[in-house]
Amino acid sequence: MSQFTLNGVARAADQQGKGASRRLRKNNLIPAIIYGGNAEPVAICVKNNELVKALESEAFFSSVTTITVDGTTHNVVIKALQRHPAKGFPLHVDFQRA
């Protein structure tokens, strides 16, 4: 079974919203959120090239993925993926804690 690992960076409150998300995407970062479990939701961003490489594998959608955010490790599964309607590149990802 494949093991997927992504590196994430926590987003501050001023890096959330439509304009901030567009600026992140221009810098090759995809906005995402980790939610579920007994912990508070964490707004993060992941590198576009890491995410696209993981999305190439069908196993990514059903496997537990490890995301490291500022030294904290989260085991997650992908719950929702928003893609651009015409071009197909990822716009936002929702991860749920496993």
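Predicted model: local features only at pLDDT ≥ 70, side-chain atom pairs only at ≥ 80, totals over all residues.

Trainee: Which residues does Asp94 touch, apart from its sequence neighbours up to four places away?

Mentor: Asp94 touches Ile33, Tyr35, Val77, Ile78, Lys79 and Ala80.

Trainee: And which side chain does the side chain of Asp94 make a polar contact with?

Mentor: With the side chain of His92, at 3.2 Å.

Trainee: How far is Asp94 from Ala43 in space?

Mentor: Their C-alpha atoms are 9.6 Å apart, while the two residues are separated by 51 residues in sequence.

Trainee: Let us step back. How many helices and strands does the protein have?

Mentor: There are two helices and six strands. Along the sequence they follow the pattern β-α-β-β-α-β-β-β.

Trainee: What does UniProt list here?

Mentor: An unreviewed UniProt entry lists residues 7–95 as "domain: Large ribosomal subunit protein bL25 L25". Over residues 7–95 the chain is 19% helix and 45% strand.

Trainee: What about the overall dimensions of the protein?

Mentor: The C-alpha trace spans about 35 × 30 × 20 Å along its principal axes. The radius of gyration is 13 Å, which agrees with the value near 13 Å for a compact globule of 98 residues.

Trainee: What share of the residues is buried?

Mentor: Buried residues make up 36% of the 98 residues. The protein exposes about 5,900 Å², and carbon and sulfur atoms supply 49% of that area.

Trainee: Which residues have the most contacts inside the largest nonpolar core?

Mentor: They are Ile34, Ile44, Leu51, Phe60, Ile67, Val93 and Phe95, in a core of 17 residues. The elements that give two or more residues to this core are strands S1 (4–10), S2 (29–35), S3 (42–47), S4 (65–69), S5 (72–83) and S6, together with helix H2 (48–55).

Trainee: Let us take Phe95 from that list. What does Phe95 touch beyond four places in sequence?

Mentor: Phe95 touches Leu6, Ala32, Ile33, Ile34, Tyr35, Phe60, Ile67, Val76, Val77, Ile78 and Lys79. Among them, Ile34, Phe60 and Ile67 are also listed with the most contacts inside the core.

Trainee: Why is Asn28 classed as partly exposed?

Mentor: Asn28 has a relative accessible area of 36%, and partly exposed covers the range between the buried limit of 20% and the exposed limit of 50%.

Trainee: What of the loop between S4 and S5?

Mentor: Asp70 is found there. Asp70 has a positive phi of about 50° although it is not a glycine. At 60% relative accessibility, Asp70 counts as exposed.

Trainee: Where does Gly71 lie?

Mentor: Gly71 also lies in the loop between S4 and S5, and at 70% relative accessibility Gly71 counts as exposed.

Trainee: Is Gly17 buried or partly exposed?

Mentor: Gly17 counts as partly exposed, at 40% relative accessibility. Gly17 is found in the loop between S1 and H1.

Trainee: Finally, where is Ala98, and what is Ala98 in contact with?

Mentor: Ala98 lies in the segment after S6. Leaving aside neighbours within four places in sequence, Ala98 is in contact with Val64, Asn75 and Val76. The C-alpha atoms of Ala98 and Val77 are separated by 6.2 Å, although the residues are 21 apart along the chain.

Trainee: Is Ala98 buried or exposed?

Mentor: Ala98 counts as exposed, at 70% relative accessibility.

Definitions and conventions:
Residues numbered from 1 in each chain as written. Heavy atoms only, no water. UniProt positions renumbered as here; feature names shortened; annotations may be inferred. Helix = DSSP H or I, 4+ residues; strand = E, 2+ residues; numbered from the N terminus. Contact = heavy atoms within 4.5 Å. Polar contact = N/O pair within 3.5 Å; in protein donor to acceptor, adjacent residues only side chain to side chain. Rg over C-alpha atoms; globule rule 2.2 N^0.38 Å. Buried < 20%, exposed > 50% of the residue type's maximum accessible area, 1.4 Å probe, protein only. Areas by Shrake-Rupley, 256 points an atom, 1.4 Å probe, with all protein chains shown as cover. Core = buried A, V, L, I, M, F, W, Y, C linked by side-chain atoms within 4.5 Å.
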